Amino acid sequence: MDEVTFKSDTVLSDVHLYTPNHRHFMVRLNGMGQPVFLSQFKLLWNQDSQTDSGTEGGRHGMGPAEETPPSRPGSARPPLGSGCSSDITSQEGVGARLDEDGDLDVERRPRAASDPEPAGPPRDKVHPTILTQEEDDPLADEAQESSPQDIIRIEHTMATPLEDVGKQVWRGALLLADYILFQRDVFQGRTVLELGAGTGLASIIAATVARTVYCTDVGTDLLAMCQRNIALNSHLTAAGGGVVKVKELDWLKDDLCTDPEVPFSWSQEDVSDLYSHTTILLAAEVFYDDDLTDALFKTLSRLAHKLKNACTAILSVEKRLNFTLRHLDVTCEAYDHFRSWLQRLERLADGRLRFAVEPVEASFPQLLVYERIQQLEEQHMARKISSLRKSAVTGHGT
């Protein structure tokens with residue numbers, strides 16, 4: 001397949017969009033008939049923990065490990081004007097040229113003469129090369145060069161309708177995973193609940209240190225993908241002794257599904273364990289729709305009343321800028337709605353129950369290879385009970 005055309009009603013994660021002209025390994029079709037791809041992300045376990053994350057333009061990598069362009073001598077962009085001596089010579093002695101309206105006519109550099117290997121990946125055209133299951137695995141050679149403990153492999157889709165964006169890998173999940181790796185002591189031996197887990201990437205990372213991770217979302221097809229990714233990375237979770245349990249948790253319903261006939265339903269033992277031991281809640285890249293944001297915060301509130309222990313919610317949200325006709329300006333409406341909920345919870349007075357919100361600077365070390373950009377944020381939101389002191393964090397992620 002030489003070229004892929006994405007429909008106007010589909011959404012494509014920037015994790016895939018940023019490095020389009022590289023190979024993507026298509027492993028199968030899911031239950032919805034959507035192509036499923038396999039990406040692997042490099043874990044920088046051995047990096048200096050004080051390494052600057054480079055949030056202001058710098059980065060450890062530019063996307064999934066298999067999508068990172070190789071660096072080799074001579075691949076850097078040449079100095080301005082190099083390799084263009086013939087163009088420069090031809091312009092010597094020629095005065096400024098004007099068009100028919102009297103505007104300066106600047107001759108642009110021919111595209112054919114552009115650098116063969118630009119410094120950054122192109123963003124102007126999405127043109128991935130799709131490899132099918134019958135072909136050689138393009139990730140196999142790279143996996144052999146790295147220890148299995150240095151790679152997390154994730155199956156995901158690309159260019160989905162809005163209702164299926166959870167099947168893609170989003171940068172906010174990578175930021176949240178980074179934070180978990182940075183704050184390993186906070187997660188050590190804990191029971192963790194992730195809401196809207198998507199592909200399960202953050203849950204898998206959490207399970208490398210936590211005792212139990214409840215990886216939750218809605219939709220049998222999506223939850224089956226989570227289960228598949230957990231199996232692909234069992235070597236990571238087994239090393240830490242953590243257990244990941246994939247469960248359905250619908251934010252639009254008040255109660256957990258305990259019907260054993262329903263896939264990914266809750267057993268009574270798991271429900272008891274969830275309410276008795278959970279102290280950390282996670283959510284990444286689930287604040288793109290106001291109705292879903294409302295439902296998530298109402299779910300957080302219900303859980304706060306049912307959990308026996310004080311808890312911290314770590315939230316990662318992408319601050320996306322969009323031009324709207326309503327404002328005739330560039331706004332961040334989804335992000336603003338998310339922030340309004342945080343302010344509402346801070347003002348909430350509910351007997352012994354109260355919330356504290358604290359932004360987290362995304363300056364902690366980067367331990368996964370991806371492009372960390374300025375729009376990524378994290379927040380801690382802590383539920384406090386008068387008899388127990390606890391801190392809250394909120395995180396924003398792109």
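Which residues lie nearest the centre of the largest pocket? Gly166, Asp217, Val218, Leu222 and Tyr288 do, within a lining of 34 residues. This is a predicted model, in which local features need pLDDT of at least 70 and side-chain atom pairs count only at pLDDT 80 or more, while totals for chains, interfaces and linings use all residues. Residues are numbered from 1 along each chain as its sequence is written, and side-chain values use heavy atoms, without hydrogens and water.

**Largest pocket**
- The space in the largest pocket is about 620 Å³; a pocket is an open set of points on a 1 Å grid over the protein atoms alone where a 1.4 Å probe fits, with protein on both sides within 12 Å along at least five of seven lines, and lining residues have an atom within 4 Å of a point.
- Its lining comprises 19 nonpolar, seven polar and eight charged residues, with Gly counted as polar.
- At least two lining residues come from each of α6 (201-206), α7 (220-232) and α10 (290-306), and α7 gives the largest share, three residues.

**Surroundings of Leu201**
- Beyond its neighbours within four places in sequence, Leu201 is in contact (heavy atoms within 4.5 Å) with Phe41, Ile152, Ile154, Val169, Ala173, Leu174 and Ala177.

Terms used:
Grid points are joined across faces, edges and corners, and a volume is the space filled by probe spheres set on the points. Helices (H or I, at least four residues) and strands (E, at least two) are DSSP runs, numbered from the N terminus.
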